[in-house]
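Subject: The structure you wanted to look at

Hi,

Here is the structure for you to open up and turn around on your screen. Have a look first, and then read on for what turned up in it.

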Amino acid sequence: MLRNQLPADELAHVRDEIRALRAREVELRKCFTDDCDNGLYEGFEFDVVVRIQQRRVLNKDRLPAAILNDPQYFDTKFSPVVRVIPRDEPQLPLGFSDAGVIASGDSFEVVEAWT
């Protein structure tokens, strides 16, 4: 991944990588969980342990309407939502303009790094 990019573009690329990694994790987990009981799968650097876990889950469909429609049973929480929206055309970052492009015909001397 390129590290020299604008944060908005980098966030989009990171999310693409995360999406691909999650899909790969699903494939790998399936290898261990299809038709299995508890088990140990050995690797070179890591082992995978699979065990069947039981837990209770609340089924909201079975709750009476008096509870589902009563606001005293609910809290309101706020959290930021960050969306990445693809652009139709690339755009220069904020604060830059076409007039500020370095290769606009100005004459520059070559500066070499000190060694």
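D16 counts as partly exposed, because its relative accessibility is 42%. One thing to keep in mind as you look: this is a predicted model. D16 pairs up with R19 in a salt bridge, where the closest N and O atoms are 2.8 Å apart. Why are these two about one helical turn apart? R19 and D16 sit three residues apart in helix α1, so about one turn separates them. R19 has a relative accessibility of 53%, so R19 counts as exposed.

The count of salt bridges comes to three, so here are the others. E27 and R24 form one of them, with 2.9 Å between the closest N and O atoms. Both residues are in helix α1, again three residues apart, or about one turn of the helix. E27 is partly exposed because its relative accessible area is 46%, and R24 counts as partly exposed too, at 44% relative accessibility. Then there is the bridge where the side chains of K30 and D34 meet, at 3.6 Å from N to O. K30 has a relative accessible area of 49%, which makes it partly exposed, and D34, at 40%, counts as partly exposed.

Next, the pockets. Which residues line the second largest one? Its lining is made up of E25, L28, R29, F32, T33, V48 and V50. The space inside that pocket is about 170 Å³. Helix α1 gives the largest share of the lining, with five residues. Both α1 and β2 (47-50) supply at least two residues each.

Now for the surface. L11, V82 and V84 make a nonpolar patch of about 210 Å² there. If you want to find V84, look in the segment after α2 (65-68). Is V84 buried or partly exposed? V84 has 33% relative accessibility, so it counts as partly exposed.

Finally, how confident is the prediction? The average pLDDT for the protein is 83, and 74% of the residues score at least 70. Helix α1 (residues 7-33) has the highest confidence, with a mean of 93, while strand β1 (residues 39-42) has the lowest, at 85.

That's what I have for now. Happy browsing!

Definitions and conventions
Residues numbered from 1 in each chain as written. Predicted model: local features only at pLDDT ≥ 70, side-chain atom pairs only at ≥ 80, totals over all residues. Heavy atoms only, no water. Patch = residues over 30% accessible without salt bridge, like charges linked within 9 Å, V, L, I, M, F, W, Y side chains within 5 Å. Areas by Shrake-Rupley, 256 points an atom, 1.4 Å probe, with all protein chains shown as cover. Salt bridge = Lys/Arg side-chain N within 4 Å of Asp/Glu carboxyl O. Helix = DSSP H or I, 4+ residues; strand = E, 2+ residues; numbered from the N terminus. Buried < 20%, exposed > 50% of the residue type's maximum accessible area, 1.4 Å probe, protein only. pLDDT = per-residue confidence, 0-100. 1 Å grid on protein atoms, 1.4 Å probe; cavity = no way out; pocket = protein on both sides within 12 Å on 5 of 7 lines; lining within 4 Å. Points joined across faces, edges and corners; volume = space filled by probe spheres on them.
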